[in-house]
Amino acid sequence: MTVAGIITALIVGLIVGALGRLIVPGKQNIPMWLHMLIGVGAALLGTVIARAAGIATETAGIDWRELLVQVVVAAIAVAIVAGVGGRRSVSRY
């Protein structure tokens, strides 16, 4: 993988993370950097899932089906992390 490929993967991951955040309803009490990290991970995992399912193809442009899988994985991950992180609260007596 070239440097340009890594930079492109990071940018796509950031976009996927933002889209995943928009899909999950309600307010998520997790920092923006964690959304970005989730997006990068979801982009990688979504690509693996799409290729294993035979959805991802080599195209000259954007593979919309693979992108959809990535965004769905990001939304699920954001919902899980927000659910786990949202339960942690400081109670003061």
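A word on patches before you click: they are built from residues with over 30% relative accessible area and no salt bridge, joining like charges within 9 Å and nonpolar side chains (Val, Leu, Ile, Met, Phe, Trp, Tyr) within 5 Å. A salt bridge is a side-chain nitrogen of Lys or Arg within 4 Å of a carboxyl oxygen of Asp or Glu. Areas come from the Shrake-Rupley method with a 1.4 Å probe, and for residues only the protein chains shown count as cover.

This is a predicted model, where local features need pLDDT of at least 70 and side-chain atom pairs pLDDT 80 or more, while totals for chains, interfaces and linings use all residues. Numbering starts from 1 along each chain as its sequence is written, and side-chain values use heavy atoms, with hydrogens and water left out.

Now select Val-3, Ile-7, Ile-11, Ile-15, Leu-19 and Leu-22: together they make a nonpolar surface patch of about 580 Å². Zoom in on Leu-19, which sits in helix H1 (residues 3–23); helices (H or I, at least four residues) and strands (E, at least two) are DSSP runs, numbered from the N terminus. Leu-19 counts as partly exposed because its relative accessibility is 35% (buried is under 20%, exposed over 50%, partly exposed in between).

Zoom out, and you have 3 helices and 0 strands, with buried residues making up 29% of the 93 in the chain.

Next stop, Ala-42 in helix H2. Buried or exposed, at 2% relative accessibility? Ala-42 counts as buried.

Note on methods:
Buried means under 20% relative accessible area, exposed over 50%, partly exposed in between (1.4 Å probe, protein chains only).
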